[in-house]
Amino acid sequence: QVQLVESGGGLVQAGGSLRLSCAASGDTFSSYDMGWFRQASGKEREFVAAISWRGGSTFYADSVKGRYTISRDNAKTTVYLQMNSLKPEDTAVYYCAAARGGVAVSSNGYPYWGQGTQVTVAS
């Protein structure tokens, strides 16, 4: 079992930047694949980015590619999501998720989830 806690959300202006953090505890962490998802009001949860801890591979949704960067710090058991050039359509609750056995782009592939952090981008 692993517990995940997101932080760093808030209100920013369009074009601004924000960095989200996901702190993990409760289990060995370095072998977990990690993902970020988001869910806007009234919409389905969607994939944002993922990173393989052992391989260092990263994956991004087309909507955020070139603007977002996912990274890791295994010594701190923390995953980050750097968000630049933010747009109003990026407004959502952002969730951190963990899985074993490979990176997934579907939420069904992640058994462990944080409670989310709100990101609001003003138009």
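This is a predicted model: local features need pLDDT of at least 70, side-chain atom pairs count only at pLDDT 80 or more; totals for chains, interfaces and linings use all residues.

Biologist: Why does tyrosine 110 count as buried?

Modeller: Buried means under 20% relative accessible area, exposed means over 50%, and partly exposed lies in between (1.4 Å probe, protein chains only). Tyrosine 110 has 3% relative accessibility, so it counts as buried. Tryptophan 113, with a relative accessible area of 24%, is partly exposed.

Biologist: What makes phenylalanine 37 and tyrosine 110 an edge-to-face pair?

Modeller: Rings of Phe, Tyr and Trp (its six-membered ring) pair if their centres lie within 6.5 Å; planes under 30 degrees apart count as stacked, over 60 as edge-to-face and the rest as tilted. Here the centres are 5.3 Å apart and the planes stand at 75 degrees, so the pair is edge-to-face. It links distant parts of the chain, 73 residues apart: phenylalanine 37 is in strand 4, and tyrosine 110 is in the loop between strand 9 and strand 10 (112–113). Strands here are DSSP runs (E, at least two residues), numbered from the N terminus.

Biologist: Which other ring forms an edge-to-face pair with tyrosine 110?

Modeller: Tryptophan 113 does, at 6.3 Å centre to centre with 70 degrees between the planes. Ring pairs link Phe37, Phe47, Tyr95, Tyr110 and Trp113 into a cluster, and the structure holds six aromatic pairs.

Biologist: How do you know that the charged end of arginine 45 sits over the ring of tyrosine 95?

Modeller: The rule asks for NZ of Lys or CZ of Arg within 6 Å of the ring centre and within 35 degrees of the ring normal. The charged end of arginine 45 is 4.0 Å from the centre of the tyrosine 95 ring. Arginine 45 also lies over the face of tryptophan 113, at 4.7 Å from the ring centre.

Biologist: Why is strand 4 called largely enclosed?

Modeller: Six of its seven residues are buried, so the rest of the structure largely encloses strand 4.

Biologist: How do you know that strand 4 pairs with strand 5?

Modeller: Two strands pair if DSSP finds at least two bridges between them. Strand 4 and strand 5 run antiparallel and are joined by six bridges; phenylalanine 37 has phenylalanine 47 in strand 5 as its bridge partner. The two strands form a hairpin with six residues between them, and glycine 42 in the turn has a positive phi of about 80 degrees. Strand 4 also runs antiparallel to strand 9, with seven bridges, and glutamine 39 stands opposite valine 93 there.

Biologist: What makes a set of residues a nonpolar core, and how many residues has the largest one here?

Modeller: A nonpolar core is a set of buried Ala, Val, Leu, Ile, Met, Phe, Trp, Tyr and Cys residues joined through side-chain atoms within 4.5 Å. The largest has 37 residues, and Met34, Trp36, Leu81 and Tyr94 have the most contacts inside it. Strand 9 supplies the largest share, six residues.

Definitions and conventions
Residues are numbered from 1 along each chain as its sequence is written. Side-chain values use heavy atoms; hydrogens and water are left out. Helices (H or I, at least four residues) and strands (E, at least two) are DSSP runs, numbered from the N terminus.
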